[in-house]
Amino acid sequence: IVTTPLGVLKQWIDPDPDRGVFVPPLPNPKTLAIQQLGAGCVAKLFLLFETVFWKGPAEGRGTGISLLWDPGEGHDPCIPQWMRSGKAFEPHASGEPILEFWVTGSAAMDLETAAEEDIVDACMYVLGRSTGFEDVCLPRPVQILRTAWASSAHSKGGYTFIPAGVPAQAIDSLASPLPDSSGNGQFRLQFAGEATHPKYYSTAHGAYCSGIREAQRWLSQGSSV
């Protein structure tokens with residue numbers, strides 16, 4: 001059962017037998033589905049502070065800080081371009097003094113490669129301007145953590161999406177199992193993962209449900225684990 005992320009599958013379908021992983025190559029409909037579906041770039045940034053300084057009317061983890069960018073503001077050298085892709089600093093669901101920031105597309109790749117000190121400086125500058133505390137020394141985070149899904153060799157991207165013009169059936173083609181060449185009705189290769197769920201692709205529960213689906217398919221053949 002292949003659960004490899006879509007971004008990695010795109011590298012594995014190289015027709016060159018010296019570089020491709022599948023020997024023999026996958027059938028054309030499945031290869032085409034892997035090529036057509038998109039593995040979007042997304043990155044999460046987490047800022048851990050000693051205490052919550054953004055608490056608003058709501059108790060607990062606070063209300064978060066939304067960002068509204070002014071396109072006519074011009075270029076501010078203190079705000080990197082990747083940050084303008086984000087919409088808000090959201091309190092983390094754990095209740096800890098953590099702000100979470102999301103960016104997508106090329107901005108995600110820029111965030112992954114940016115220097116940690118530059119990330120902190122940019123965040124504190126924007127947080128100061130967004131809260132009206134520009135002249136107040138806001139506490140700097142004690143630790144930051146960021147994802148590296150786009151650059152990681154084990155993911156090569158974030159969540160699956162269906163690009164414009166690509167039929168939704170591409171996900172079905174990716175999910176379809178490959179039969180054993182013996183013609184006994186058994187499946188030789190099965191596919192799971194969020195990219196193979198026709199309704200919940202790009203989600204963790206889609207990946208979970210696809211795993212159950214393929215496990216049930218495996219057991220229905222009389223196979224043992």
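## The β4–β5 hairpin

Strands β4 and β5 form a hairpin with six residues between them, and Gly95 in the turn has a positive phi of about 90°. Strands here are DSSP runs of E with at least two residues, and helices are runs of H or I with at least four, each numbered from the N terminus. The model is predicted, so local features need pLDDT of at least 70 and side-chain atom pairs count only at pLDDT 80 or more, while totals for chains, interfaces and linings use all residues. Residues are numbered from 1 along each chain as its sequence is written, and side-chain values use heavy atoms, with hydrogens and water left out.

## Strand β5 and its partners

Strand β4 (residues 88-91) runs antiparallel to β5, joined by three bridges; Phe89 stands opposite Phe101 in β5. Strand β2 (residues 42-48) is also antiparallel to β5, with seven bridges, and Ala43 has Val103 of β5 as its bridge partner. Two strands count as paired if DSSP finds at least two bridges between them.

Five of the seven residues of β5 (residues 98-104) are buried, so the strand is largely enclosed by the rest of the structure. Buried means under 20% relative accessible area, exposed over 50%, and partly exposed in between (1.4 Å probe, protein chains only).

## Two buried loop residues

His197 lies in the loop between β9 (187-189) and α6 (204-220). His197 counts as buried because its relative accessibility is 14%. Leaving aside residues up to four places away in sequence, His197 touches Ile171, Gly206, Cys209, Ser210 and Arg213 (contact means heavy atoms within 4.5 Å).

Val166 belongs to the loop between β7 (160-161) and α5 (169-175), and is buried at a relative accessible area of 17%.
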